[in-house]
Structure formats: structure tokens, C-alpha cells
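The sequence and the structure are shown below.

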Amino acid sequence: MKIGVHPNNLHLRLARLWPGAFVDLQPIFVSYAEGRDTAALLESGDIDLGGTGSTPPIEADMRGLAVEYIAASAPRPANGAIFVRSDSPIGSVAELKDRRISLIDGSFHTYLLARSLEGEGMSLPDVERVESGARDSLADLLERRVDAWVAMSPRLEKALERDDVRLIVRCGAAIPNRSLFWTLERNGLSATEIRAIVSELSRIGNEIASDPRTAARLLASGDRGGSGDRGGTDIDAWEKVVRSRDFTVFPIDDEIIAEQQEEADTLLRHGHFAKPIVLKRPEMTK
């Protein structure tokens with residue numbers, strides 16, 4: 001089983017480091033740069049399973065790749081936020097109109113921004129989205145190249161401790177922000193393999209929750225090895241990140257597909273997608 005691992009999916013990052021993870025599936029952990037690469041790697045057969053935020057699998061379905069959802073995390077309301085500079089005149093989402101906003105476009109950042117704007121009667125075309133990629137988005141904000149920054153863990157936790165940036169919206173106020181674990185139908189994972197994946201993700205999640213210090217130590221060690229957070233994060237900071245989220249994992253069900261459908265419909269309304277799509281319910285996939 002070729003399991004994709006990128007820096008922003010902490011569950012699979014930790015699985016790669018966790019003793020005995022996925023042993024019955026003879027895992028090969030494949031590292032790659034970011035969640036938006038997941039669909040291409042699944043399509044090419046370089047990986048059999050990936051984990052991302054909610055948006056990349058919808059992007060893949062829009063490309064006609066026939067996504068098969070496997071599992072989902074609990075909602076992670078603390079894992080995303082929008083910041084402005086402390087001295088910015090922007091006091092709320094309502095004042096983001098015509099502003100430059102740094103984000104990883106096509107990730108859950110896009111959905112967080114869209115839903116936040118929609119709550120104020122605006123849409124994505126009312127702002128200028130600035131792709132951050134691998135750049136230091138905090139520096140872009142502080143040096144006034146952008147007016148706002150969509151942040152996620154672990155940089156989010158660091159930003160909350162600063163006095164030169166200010167939070168204007170948190171993820172939980174706008175979107176569920178789950179991690180989704182998925183493949184493509186063409187990869188032909190069996191029902192037995194899918195059950196084993198869900199079981200192992202759940203087991204690892206429970207062990208992480210029971211021992212967040214060990215999880216933090218593994219993540220910090222991974223950073224020093226060059227495969228983790230580009231900015232480097234120490235054990236204490238990683239422990240705060242681990243303790244802040246729920247690592248519970250569930251099999252895919254109709255409720256989660258309905259959340260994904262709502263996101264697809266929202267991004268269509270905002271012009272991010274050019275056509276509608278109807279996502280398959282779990283019982284339709286096998």
C-alpha cells in the first residue's frame with residue numbers, strides 16, 4: 001500500500017513515524033510537497049491513498065477522476081484562520097472587499113475564504129486571491145504585500161502568540177474543516193483494504209490522543225530531518241497543535257458526503273468551479 005504523506009496532513013505524517021502503523025498493509029510511505037498534488041499522484045499510481053483537506057478531492061472529481069472517499073476526521077475548527085496586521089484598518093471580514101489575500105488556493109483555504117465572505121454578502125471575486133505556495137505568507141502580510149493571510153497549523157498557533165497580527169475569523173465559525181482520506185476508483189482498493197485503512201487510521205488517532213507528547217516529539221524530530229514544517233517547530237509548540245485537534249477518524253457516511261456536496265455547490269456559486277457536480281454517496285461507490 002503506497003500511502004502519500006505531505007506536511008499539512010498531520011495524521012499521515014504521524015502514521016509514517018508511528019511504530020507499527022499500517023503493518024498489515026505492507027506500507028510504503030511516499031513523501032510529497034503539498035495536498036494539491038494528491039490527485040495527480042493517485043492518478044499516476046504513485047500513491048494508493050492520500051489525506052487532504054476537503055477541497056482537493058472535489059477538485060479531483062471536477063477533473064473527472066472519480067474520487068472514492070475512505071474516511072474523515074472529526075471537524076477541526078481550530079486549524080484555520082484569517083489574520084490581518086495589528087495596525088490594519090481591516091476590522092472584520094466585511095472589510096476585506098478589494099483586498100489582497102494570501103492563501104493556498106484550491107485547498108480548504110479557498111472554502112474558508114468563500115464561506116467567510118458569503119456570510120457578509122460577498123463572494124470570491126470581491127477579493128484578490130494571492131497564491132502563497134511555499135512562500136512565507138506571514139512575511140508577505142507584515143511587509144504589506146498582502147492585506148490578509150489565511151493560515152493553518154502549525155503556523156497558525158505561532159501567529160496567535162504574536163502581537164503584530166490580529167485574528168479576524170476562525171475556521172469553526174465558517175466550515176467543518178475535516179481531513180479527508182481518499183483514493184480514486186481506478187486504483188481498485190478492495191472493501192477489505194478500505195476497512196483496514198479506516199481501522200488503522202482510527203487506532204493511530206486514538207494513540208496520538210492518548211500520548212500527545214510522543215506525537216509532538218516525533219513531529220519535531222521529523223522537522224529537524226527536513227521532512228516537516230518548513231519553518232521548524234519545537235516539541236512544546238507541536239504538543240499544543242496536537243492537543244488542539246481531535247484525531248478521531250470515521251468511515252465515510254452520507255453526512256460527510258453532504259458536507260462535501262455543500263462545499264462543491266458553494267464554490268460553484270462563487271465561480272471557483274465552472275460546472276456543477278453530484279458527489280457519490282458511499283453506497284454508490286462499491
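## The antiparallel sheet

An open sheet is formed by 4 strands in the order 3-10-4-11, with antiparallel pairing. Two strands are taken to pair if DSSP finds at least two bridges between them; strands (E, at least two residues) and helices (H or I, at least four) are DSSP runs numbered from the N terminus. Strand 3 pairs with strand 10 (residues 180-184) in the antiparallel sense over 3 bridges, and the bridge partner of Gly51 in strand 10 is Phe181.

The model is predicted: local features require pLDDT of at least 70, side-chain atom pairs count only at pLDDT 80 or more, and totals for chains, interfaces and linings use all residues. Residues are numbered from 1 along each chain as its sequence is written, and side-chain values use heavy atoms, with hydrogens and water left out.

## Helices across the antiparallel sheet

Helix 3 (residues 55-62) lies across strand 3, strand 4 (67-73) and strand 10, and runs at about 170 degrees to strand 4. Helix 7 (residues 191-210) lies across strand 4, strand 10 and strand 11, at about 25 degrees to strand 4. Axes here are lines fitted to C-alpha atoms, for helices over the stretch in contact, and angles run from 0 to 180 degrees between N-to-C directions.

Helix 7 also packs with helix 1 (residues 10-17) at an angle of about 90 degrees, their axes being 10 Å apart. Helix 1 and helix 7 are therefore roughly perpendicular to each other, a term that covers angles of 65 to 115 degrees. In this packing, His11, Leu12, Leu14 and Ala15 of helix 1 meet Leu201, Ile204, Gly205 and Ile208 of helix 7, where contact means heavy atoms within 4.5 Å.

Strand 6 (residues 100-103) and strand 7 (residues 128-131) run parallel and are joined by 4 bridges; Ser102 stands opposite Val130 in strand 7. The chain passes from strand 6 through helix 4 (residues 108-118) to strand 7 in a right-handed β-α-β crossover. Right-handed means that, with the strands pointing away from the viewer, the path from the first strand over the helix to the second runs clockwise. Strand 5 (residues 80-85) and strand 8 (residues 148-152) run antiparallel and are also joined by 4 bridges, with Ala81 opposite Ala151 in strand 8.

## Helix 4

Of its 11 residues, 9 are buried, so helix 4 is largely enclosed by the rest of the structure. Buried means under 20% relative accessible area, exposed over 50%, and partly exposed in between (1.4 Å probe, protein chains only). The buried residues of helix 4 include Phe108, Tyr111, Leu112 and Leu117.

## Backbone features

Most residues other than glycine have a negative phi, and most peptide bonds are trans. Ser153 and Pro154 are joined by a cis peptide bond with omega of about 0 degrees; Pro154 is found in the loop between strand 8 and helix 6 (155-160).

Gln26, in the loop between helix 1 and strand 2 (28-31), has a positive phi near 50 degrees. Gln26 is exposed, with a relative accessible area of 65%. Ala66 also has a positive phi, of about 55 degrees, and lies in the loop between helix 3 and strand 4. At 27% relative accessibility, Ala66 counts as partly exposed.

Asp253 is placed in the loop between strand 11 (249-251) and helix 10 (254-269) and, at 31% relative accessibility, is partly exposed. A polar atom of the Asp253 side chain lies 3.2 Å from the backbone nitrogen of Glu255.

Glu239, in helix 9 (residues 235-243), is buried, with a relative accessible area of 13%. Apart from its neighbours within four places in sequence, Glu239 is in contact with Pro212, Arg213 and Ala216.

Key. Polar contact = N/O pair within 3.5 Å; in protein donor to acceptor, adjacent residues only side chain to side chain. Parallel < 35°, antiparallel > 145°, perpendicular 65-115°, else oblique.
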